[in-house]
Amino acid sequence: MSGENKKMSRGDLGLQIIIFGLGFFYAIVYYIAVPGVIDLQAVSDELLSYITAVLTAAFAIGVINLTRVHWINIKRKRATWMFSVILLVCLYSMLIFSLIASPFALDPNATVIPNSVIQFSTPIWQFLYYKILVNINSSIFSLLAFFIASAAYRAFKARSLEATILLVAGLLVILGQTPIADVIWPGFSVIRDWIMAFPNTAGQRGILIAAALGIIVFSVRRLVRYPW
Amino acid sequence: MYLLLLGVIILPVLTHSTVPVPISPTTLALFQFIERLPANSLVVESFDYATSVVPELHPQAIIVTQHLFLRPVKILFVAQDNNGPTLAEAVLDTVNKGNKTYGVDYADLGYIPNTATLIGMPSSISKFLPLDTRGNPTANLPIIKEFPGIKVASLVITFDDDSSAALSYIQYWEGAYHIPVAIGATSTIAPGMMPLFNSGQLVGVLFSIRAADEYEELVYQQYNCCRGISGASSAMVGLSASQLLIVVMVVFANTAYFFSRRMSKGGK
Amino acid sequence: MLELIPGRVSQAVLLVVVLVAIYEATRIASKRKLKTRGIPGLDRIDGWIEEAAKLNRPVFFTPGTGGVTDPDTLAGLSLLEYIVQHCIQHNAKLIVANSDLQVQQMTEDMVKGAYTKAGKEKEFTAETVRYVSTRQFAYAAGVMGILRREKPAVNFFVGLFQAEALQIAETGRTEALYQFGGTTNTDQLPFFLTTCDQTLIGEEVYTAQGYLSSDPQAISELVGPDAGKIIAILLMLAGALLLSFGNSLLVYLLGL
């Protein structure tokens, strides 16, 4: 951590003034208006769109970086070079078909790209998106079911009083969430609703308030003191 | 254990088993809110989930959208996730739109790229989203002429997988313009939405695929249609069985733990 | 000319009050050299990294799926700065995996700079800081693959995590000696608590830097939130009491 009190150079001081000024500006725009003189909200929106444009450029840098790293893998025939080939083929084919045929297509009205190319690319893009991307993403997400089962099996052990309370509350909420459990006894969903409405809400609010205060202090230190 | 889990999930799907699901208060709250909307109200549906949670949130989106098409309301589709416009089109291809016409009764405005657009849309939609997903200028759409800004909307429903979109709608639309917000949430974030529901900042919370089945039942009870449209009912037995299996395994683990402790104490 | 926006007046007043409280608490704490409670896991980081170096196994760090505008990610990167220093000190191999492209550039710059400053530029390779994917589960699959192949001895998961948290923490648990987690996302905290040896809960993610830093000003990160919490508790008690007696004055004031 940067614990030393460094003397700021002129460049650092200039950067600090910009950081503090912009941060303070965004903070006061939320609370203060200057009607009839300047629309502060419009100014902040405009600045935000410039920042978004700058940040978006990083995507291009990211693609270039990814291509460079994996191209080096392929060139030097490293152990996993075949996977790098697959990655680059998938990356650029999805990129090309998305630019031609996705809802974010560059030329949806076929002004420059011939209509026949768009017609050819659309079913391929739909296959890649709906049949491969959606299903693969869902499959990885579904692994969570198995991980939750093993985590619950390991974690829900009545080692102490607190662990026992956690165990009982956890089991009651799971049973309350289970559609079929309400057929066994309707009280499960009532208990679940109570646990979610009171202890869960209280605990979540406590952590949220504390985290919000932590963000305020963290952010103020970032704004006031550069380098970090 | 993993094989058991796989078995209890797959078998009910293969046997097409179903189970009656009681209606949660949070699902009922949203259904009743939509039922009470006056004719010609504007509802904004926001698709803010990634492809990974399609099995969980897509059924919710389908049945809620179908409900909105059954009611005399106007609908705008937006998205804060870049997969949103594609998923919105997929939902529109699935539901029965009845007599509703694109551009007059509903429109798909596409992706909201940044916070500035979110903040500006209540005052002017066409200024911040000049084109819809079909390339039409939004200023020319009859629905936008009727509702030039979001601030007159009666409801915003977000299907969200990480709560960021829901919180942004609460912050910028509910807080500033008092537009009611509801969320269709995944099971991981839904508990975190309960404080917002209890404080009235959310008018409804749909808990995962189970809520889709509950909502489908409510629509069926009211309109005598649309059973099976979301596909959620086929998952309920598998969902129940897997959750009950986890409960059984936890009880088994604790029983084994107690016995092993007793034996080790007896051994001393 | 300047006017407060209606509906946000009480928020502005509260913010000023909280900031003043934080400043005063910091001033008093640094004057009186107040002792703060420790966050146990943070003391062990150095020992864990040393053990990883002795076993010749890498140390793994990931700041999650957040972007540069997320405070969780920035707090995670603050901890990374500390971890990098200790990895260099103990000659432990470091692997950092990123989901966000801007975060990737920041971490690459930070880690490379640290190695260069220590005169160990050659130890920083293209494999040290890796960009995995912006897509949540592609990132999860990539990190799981790294954890399986590289078999790090110590894993750090500190930042903004969503549903992929349990997947990567469970996968890491099979090979790692120690795991350290931290996030403010209350939905993922239970998963870190069950799979990690030490977990930073909520605000501890932000106060970690203050705890580890030798900068006396950093005590504001430890004491400041506590001052704000006292104000919050007093407001809640006052509000609950007033409302119980049918008085909604505080509700009205907070709605201004």
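1. Strand E2 of chain C. The model is a predicted one. In chain C, strand E2 covers residues 59-64, and six of its six residues are buried, so the strand is largely enclosed by the rest of the structure.

2. E2(C) pairs in the parallel sense with strand E3 (residues 94-98) of chain C over three bridges, and C:Phe61 stands opposite C:Val96 in E3(C). From E2(C) the chain crosses through helix H3 (residues 71-90) to E3(C), a β-α-β crossover that is right-handed. E2(C) also runs parallel to strand E5 (residues 154-160) of chain C, to which five bridges join it; here C:Val59 faces C:Val154 in E5(C) as its opposite residue.

3. Chain B as a whole. Eleven helices and six strands make up the secondary structure elements listed for chain B. Its C-alpha trace spans about 80 × 40 × 30 Å along the principal axes. Of its 268 residues, 58% count as buried. Among contacts between residues at least 6 apart in sequence, 74% join residues at least 24 apart.

4. The sheet of chain B.

5. Strand E2 (residues 74-79) of chain B is joined to E3(B) by five bridges, and the two run parallel. B:Val78 stands opposite B:Gly110 in E3(B).

6. The interface of chain C and chain A. About 5,000 Å² is buried between the two chains, 68% of it on carbon and sulfur atoms. Chain C contributes 65 residues to the contact and chain A contributes 47 residues. One salt bridge is found across this interface: the side chains of A:Arg154 and C:Glu170 meet at 2.4 Å, N to O.

7. Over all chains the structure holds 14 salt bridges. In chain A, the side chains of A:Asp193 and A:Arg192 meet at 2.7 Å, N to O. A:Asp193 counts as partly exposed because its relative accessibility is 26%, whereas A:Arg192, at 6%, counts as buried. In chain B, the closest N and O atoms of B:Arg210 and B:Glu214 are 2.6 Å apart in a salt bridge. These two residues lie four residues apart in helix H10 (residues 208-223) of chain B, so about one helical turn separates them. Both B:Arg210 and B:Glu214 are buried.

8. Salt bridges within chain C. C:Lys229 forms a salt bridge with C:Glu203, with closest N and O atoms 2.4 Å apart. The pair links distant parts of the chain, 26 residues apart: C:Lys229 lies in helix H9 (residues 220-244), and C:Glu203 in the loop between strand E7 (198-201) and helix H8 (204-212). C:Lys229 is partly exposed, at 21% relative accessible area, while C:Glu203 counts as buried at 12%. Elsewhere, a network of salt bridges links C:Lys93, C:Glu127, C:Arg130 and C:Glu150.

Notes
Residues numbered from 1 in each chain as written. Chains lettered and ligands numbered in written order. Predicted model: local features only at pLDDT ≥ 70, side-chain atom pairs only at ≥ 80, totals over all residues. Heavy atoms only, no water. Pairing = 2+ DSSP bridges. Buried < 20%, exposed > 50% of the residue type's maximum accessible area, 1.4 Å probe, protein only. Right-handed = clockwise from strand over helix to strand, strands pointing away. Contact = heavy atoms within 4.5 Å. Buried area = accessible area lost by both parts, 1.4 Å probe. Salt bridge = Lys/Arg side-chain N within 4 Å of Asp/Glu carboxyl O.
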